[in-house]
Number of protein chains: 2
Amino acid sequence: MQKDKNAPIGIFDSGIGGLTVVKAVMEALPNEHIIYFGDTARVPYGIKSEKTVKEYALQITDFLMKRNVKMILIACNTVSASAYGAIREHVKDVPVLDVITAGTRATMEFNHSDRRIGVIGTLATIGSEAYERSIHAHDPNIHVFSKACPMLVPLAEEGWTDNEIARKTLRIYLQDLKSKQLDSLILGCTHYPLFKNAIAREMDNPDIHIIDSAVSIAQMARESLKEQHLLRTDPKGKFECFVSDKPQRFQQLAERFLGRKIPQIEIVQL
Amino acid sequence: MQKDKNAPIGIFDSGIGGLTVVKAVMEALPNEHIIYFGDTARVPYGIKSEKTVKEYALQITDFLMKRNVKMILIACNTVSASAYGAIREHVKDVPVLDVITAGTRATMEFNHSDRRIGVIGTLATIGSEAYERSIHAHDPNIHVFSKACPMLVPLAEEGWTDNEIARKTLRIYLQDLKSKQLDSLILGCTHYPLFKNAIAREMDNPDIHIIDSAVSIAQMARESLKEQHLLRTDPKGKFECFVSDKPQRFQQLAERFLGRKIPQIEIVQL
């Protein structure tokens, strides 16, 4: 069935980090309606079993499908690594894009000999080796250097993205990667775009490509919608924001990730 | 029914922070057998509803009761605030102690006029105002000053408890409390005893009582067992450690909290 081009794009994450993807999609596709779901009651997914992550991801997918979305963006690295296939199979007539594929594809656009790609992410994402697998599916000869940076999510949630504490933390985490002569560094966590400037300064290499997977998935979404003639042409898309729970300081935090005011956030039980 | 004095003490937490309570109990009561349960698959509890926290806490209580514990220590501030009454009712013939009551009781031992007590904890604990209520139940005239310190849990889990980043973080969080002329400061989170020295240095006041609720609950446990003639007299208690999931770097992390090697950690589904 041909989808309606005025239908919304569904974007989801285990928490609020995925709002950096919403922000990138709003910038790349300002006419599109967007529905976001953040599973704030059950965050973090990284410590949960693959079975549980799949179950939660399919519940959220059903929630978005009931709202007749024309495309689904998985703005969560854990879901991308564990449940992409299950979601894909579950919603056959709607395109599903994920941050890991988007980040990998973005770095494949560059031509370098002896490619050396760095990946930073949470302990769960780095431990899953999902980026390595995704990159090596394109080219098994690429050198991949990974580093878990567990302090960056709490720093982002505290709003400390470019103070002295953030800079010293990045210095410790990026120390090893700086010596690896990387051509690209993938920000493999939806919270990390908030540190993009601080990371670029710390890497101190004007030739390195810093891959923001939020920007990458927004670009992929635009191309995919364009190919399918599903780009919305009327101006000013609406934004609807749903969460499964609203912890303290949520609104303030969400607005920091989105970079703008959120008029209304609705709590729903799945 | 009179309990067996050779029965173990059951201690539980939503994660591994409660191992600081195990450590304090091992020091205060080295002869006691201890069974620990950390709900690492479902941590953090602070973002969950009171109903869910009660349900989880009662599941863990049943797990400990099946192992015939003679006493239960709630080493989790969220469970202490939300589910103490429910647990108490569930296990009528076994004493149940909790960290909030223990921390409050410890500071009530000091006599000062115009009492001014500081409390630091997670966003969830500080937001719940559980310490305020507990302190004001003793004396409504006491001034209570609270401060959420959300970065301290991730810092402890990263092992950064006394480096420059930890010190600068404490400087920011404790700045306001330092001007309040506190007589006591309660460490209202099971992770915070790892920062005890750094916090004492930062507060820079030799007269302030720093209340480590892990030590406080261990003292309460000793008094309670003594009163009931349930102190174990044979030397060298055993320690058994159960968790609901074993995330990356768990063993290393757990040993940092406990301050010693853990021979075996068993994963159980509740």
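Two residues are in contact if their C-beta atoms, placed from the backbone, lie within 7 Å. The model is predicted: local features need pLDDT of at least 70, side-chain atom pairs count only at pLDDT 80 or more, and totals for chains, interfaces and linings use all residues. Residues are numbered from 1 along each chain as its sequence is written, while chains are lettered from A and ligands numbered from 1 in the order in which they are written.

**View 1. The contact between chains A and B.** Chain A contributes 19 residues and chain B 19 residues. Helices H5 (123–128), H7 (152–158) and H8 (164–178) of chain A each give two or more residues to the side that touches chain B. H8(A) supplies the largest share of that side, four residues. Helices (H or I, at least four residues) and strands (E, at least two) are DSSP runs, numbered from the N terminus. By class, the chain A side has eight nonpolar, four polar and seven charged residues. Nonpolar means Ala, Val, Leu, Ile, Met, Phe, Trp, Tyr, Cys and Pro; charged means Asp, Glu, Lys and Arg; the others, Gly among them, are polar.

**View 2. An open sheet of four strands in chain A.** The order is S6-S5-S7-S8, with parallel pairing. Strands pair if DSSP finds at least two bridges between them. S6 (143–148) and S8 (209–212) of chain A are the edge strands, each pairing on one side only. The twist averages 20° from one strand to the next.

**View 3. S5 beside S6 in chain A.** Six bridges join S5(A) (residues 116–121) to S6(A), and the two run parallel. A:Gly121 has A:Ala148 of S6(A) as its bridge partner.

**View 4. Helix H9 of chain A on the strands.** H9(A) (residues 196–203) lies across S7 and S8 of chain A. Its direction is at about 155° to S8(A). Axes are lines fitted to C-alpha atoms, for helices over the stretch in contact, and angles run from 0 to 180 degrees between N-to-C directions.
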